[in-house]
Amino acid sequence: MSAEPETWRFIRFGLVVTGTCEREFLPQLFREISATGHARFFVLRQAGQRAQLTQARIDDYLNHGKLIPDRDAEIAYDIRRHVKNVDCFAIWIDDIESDCRASAEAKLHRLTHAMDVVIGTETAPRRRCSAHFLVNMLEAHYFAHIDAVNEVLAMNLAEHAGDCENIVHPKNELKRLANQAGVAFDERSNGAEIVRKLNLDHILSNPQTCRALRTLVAWCWEAIGEPRSDKFRLTDGVYWDITAGQLSDLPSVERIGPLAAEESYQPLQN
């Protein structure tokens, strides 16, 4: 009797992140996706935020024979080295703070254009790359699972009534609320504890909120070959039109087995 074909799929998601907290916390935030046994998240590099490029800066690069800034090229080359393997996907994650919301499309173009230039458009490796945003920053999503915050800080905050992605400056808002309660909030030590308690399914349980995060999660979920379902409210939840177009660019699911050298794989160092 012939053995049945192997259908196991194991994906390494390499993340490009902005700050130290994102570098330390983001792989932990996605642990519910990793728990499927089909994925691992790790940080390729910490790159800092990318601002919208003005036309004057674009013209300056072109006048010097460059298509993109040198720093963007360095990041994109790291991504290209990672996605040369069919089992490797990459996500460039930046922040969109409230005063930059209007420039989100331009910021997305900067990130995706850098990958287009270095990796090539319409190539298989390029389709394994995407760019997404934390709106208005990672700490916004603490407000979508307030029980985790209350447990870590010994507070009694009520659930946030609106969309946490609309909080103007969630980090400062959390510090303000903690100060009112006589509690000190440290974004790294307390943040690490909070993220370990966050439940991604709970954060995305309201189909009308967290559209940017849901779009990012949907990209990862479909990348590992999982169909959209009630989990993370992927079937009836809102998506962010700025980044949702990338969902249709994902390569079709194919048979991918776990790499034999998975344990010895070392991410690029910043």
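Start by selecting H7 and H9: H7 passes H9 in a right-handed crossing (the near helix is turned clockwise from the far one by less than a right angle). This is a predicted model, where local features need pLDDT of at least 70, side-chain atom pairs count only at pLDDT 80 or more, and totals for chains, interfaces and linings use all residues. Residues are numbered from 1 along each chain as its sequence is written, and side-chain values use heavy atoms, with hydrogens and water left out.

H7 covers residues 146-153 and H9 residues 189-197; their axes are 9 Å apart, at an angle of about 135°. Helices here are DSSP runs of H or I, at least four residues, numbered from the N terminus. Now show the side chains in the contact (heavy atoms within 4.5 Å): Ala-148, Val-149, Glu-151, Val-152 and Leu-153 from H7 meet Asn-190, Glu-193, Ile-194 and Lys-197 from H9.

Next, click Tyr-142. Not counting residues up to four places away in sequence, Tyr-142 touches Phe-25, Val-149, Leu-174, Phe-185, Gly-191, Ile-194, Val-195 and Leu-198.

Last stop: Ile-119, in helix H5 (residues 104-119). Is Ile-119 buried or exposed? Ile-119 counts as buried because its relative accessibility is 12%, and the cut-off for buried is under 20% relative accessible area (1.4 Å probe, protein chains only). Leaving aside neighbours within four places in sequence, Ile-119 is in contact with Ala-76, Ile-79, Arg-80, Pro-125, Arg-126 and Cys-129.

Notes: Helix = DSSP H or I, 4+ residues; strand = E, 2+ residues; numbered from the N terminus. Buried < 20%, exposed > 50% of the residue type's maximum accessible area, 1.4 Å probe, protein only. Axes fitted to C-alpha atoms, helices over the stretch in contact; angles between N-to-C directions.
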